[in-house]
Amino acid sequence: MFNNTSESEILTIKEVAEFLKVTERTIYRLAAAKQIPAFKVGGTWRFRATDIDGWIADQSKKAENTD
């Protein structure tokens with residue numbers, strides 16, 4: 001999903017929001033509700049690129065199972 005990223009690349013809310021084509025507020029809400037894999041560094045949300053890829057795959061599987 002994320003092209004040319006190292007396995008340990010850390011992303012910001014802005015980067016994840018741009019990738020998923022949603023607002024930063026949406027990502028913040030998902031992170032705060034623990035609905036997307038995230039962690040805080042000094043009070044700021046951060047995301048591992050590999051975790052986001054896995055989360056996207058899980059969301060796709062859930063959507064397929066509800067059809």
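Helices here are DSSP runs of H or I with at least four residues, strands are runs of E with at least two, and both are numbered from the N terminus. The model itself is predicted.

## Overall layout

The protein chain holds three helices and three strands. Follow the sequence and the pattern reads β-α-α-β-β-α. The chain has 67 residues, and 24% of them are buried. Here, buried means under 20% relative accessible area, and exposed means over 50%.

The accessible surface of the chain comes to about 4900 Å². Carbon and sulfur atoms account for 48% of that surface.

## The sheet

Three strands make up an open sheet. Their order is β1-β3-β2, and the pairing is antiparallel. At the edges are β1 (10-11) and β2 (39-41), each of which pairs on one side only. Helix α3 (residues 49-66) packs on this sheet and touches β1 and β3. The direction of α3 makes about 70° with that of β3.

Now take the pairs one at a time. β1 and β3 are joined in the antiparallel sense by two bridges. In this part of the sheet, I10 stands opposite R48 of β3. β2 and β3 are also antiparallel, with three bridges between them. There, V41 has T44 in β3 as its bridge partner. β2 and β3 form a hairpin, with two residues between the strands. In the turn, G42 has a positive phi of about 55°.

## Two faces of β3

In a regular strand, side chains alternate between the two faces of the sheet. How do the side chains along β3 point, and which are buried? W45 and F47 point to one face, and both are buried.

## Helix α1 and the residue after it

The buried residues of α1 are I13, V16 and A17. Why do they lie on the same side of α1? They cover an arc of only 100° around the axis, which puts them on that same side. An α-helix has 3.6 residues a turn, so residues three or four places apart point the same way. The cover over the buried residues of α1 includes β1, α2, β3 and α3.

K21 has a positive phi of about 60°, although it is not a glycine. Is K21 buried or exposed? Its relative accessibility is 73%, so K21 counts as exposed.

## Helix α2 and the residue after it

Helix α2 covers residues 24-32, and its buried residues are I27, L30 and A31. They also cover an arc of only 100° around the axis, so they are on the same side of α2. What do these buried residues pack against? Their partners are α1 (13-20) and β3 (44-48).

Just after α2 comes K34, with a positive phi of about 60°. K34 is not a glycine either. It lies in the loop between α2 and β2. K34 counts as exposed because its relative accessibility is 75%.

## The nonpolar core

In soluble globular proteins, nonpolar side chains tend to be buried together. In this model, the largest nonpolar core has 14 residues. Which of them touch the most other members? They are V16, I27, I36, F47 and I52. Four elements, α1, α2, β3 and α3, each give two or more residues to this core. The largest share, four residues, comes from α3.

V16 shows how the parts meet. Set aside its neighbours within four places in sequence. V16 is then in contact with L11, I27, I36, F47 and I52. Several of these names have come up already. V16 is one of the buried residues of α1. I27 is one of the buried residues of α2.

Definitions and conventions:
Residues numbered from 1 in each chain as written. Predicted model: local features only at pLDDT ≥ 70, side-chain atom pairs only at ≥ 80, totals over all residues. Heavy atoms only, no water. Buried < 20%, exposed > 50% of the residue type's maximum accessible area, 1.4 Å probe, protein only. Arc of directions from axis to C-beta. Contact = heavy atoms within 4.5 Å. Pairing = 2+ DSSP bridges. Axes fitted to C-alpha atoms, helices over the stretch in contact; angles between N-to-C directions. Core = buried A, V, L, I, M, F, W, Y, C linked by side-chain atoms within 4.5 Å. Areas by Shrake-Rupley, 256 points an atom, 1.4 Å probe, with all protein chains shown as cover.
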